[in-house]
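Hi everyone, thanks for coming. Please have a look at the picture on the screen, and I'll walk you through a few parts of it.

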Amino acid sequence: DALRRQPRDMVYSLSNSAPLKNAEDYENLSNMVRTTADIRDAWDSHSSRDAFCSSIKEIWREHDKWASHCGPGHWTDPDMLVVGPVGWGCRTNACGEHVPCNHLTLDEQLTHMTLWILWSAPLLIGCDLEWIDAKTLDMLCNREALKINEDSLGHQGKTVSRHGDAVVVTKPLANGDIAVGLFNTGNNKRQVSVTWGELG
């Protein structure tokens, strides 16, 4: 009620790890809802340094369940982007300065960014802008990818195929097109493919 009385637009975000069973209420009561625990720059649970935080693969597993509860005005939020130099687990340089780093490889960061784009997730930058590099800027400023994230239909992409480490995520777009993400979540090279039937 207090938010409704304000003379300006505001985003009301519920945080964090909201129970899925109440998702329909969140759609009516908030603009964004956090779907998982806090993110860390870890690819899987084995590489996570904090038992209370989620890796990219853990978030992927949990966030998929929210696909039917995302749309314009009520966004599902898998937490901030951990691309580029983030502020924890850092090193000190020769001058004794605190230098942010990232425990995700570049490929893992690209996968992370691509998932958030296909999920229509809020793209909240979580890195230290003082230390941002060209590769991170390229990821964050890719206009073609951002257009997919900001598509007016606002559907959260869904995992439509999973064969071991080969995973396919699709997102319908307002113009009738389908955005498709082909992912290899394992450590070994492999071919990832999808059939027209799986894409619908």
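This is a predicted model: local features need pLDDT of at least 70, side-chain atom pairs count only at pLDDT 80 or more; totals for chains, interfaces and linings use all residues.

Residues are numbered from 1 along each chain as its sequence is written, and side-chain values use heavy atoms, leaving out hydrogens and water.

Helices here are DSSP runs of H or I with at least four residues, strands are runs of E with at least two, and both are numbered from the N terminus. Look at helix α2, residues 56-63, and helix α3, residues 106-118: their axes come within 11 Å and cross at roughly 20°. Axes are lines fitted to C-alpha atoms, for helices over the stretch in contact, with angles from 0 to 180 degrees between N-to-C directions. So α2 is roughly parallel to α3, a term for angles under 35 degrees.

Which residues of α2 meet α3? They are Ile 56, Ile 59 and Trp 60, and in α3 they meet Thr 111, His 112, Leu 115 and Trp 116. Contact means heavy atoms within 4.5 Å.

Now the hairpin. Strand β7, residues 166-172, runs antiparallel to β8, and seven bridges join them; strands pair if DSSP finds at least two bridges between them. Val 168 has Leu 182 in β8 as its bridge partner. Five residues lie between the strands, and Gly 176 takes a positive phi near 95°.

Technical notes. Angles under 35 degrees count as roughly parallel, over 145 as roughly antiparallel, 65 to 115 as roughly perpendicular and the rest as oblique.
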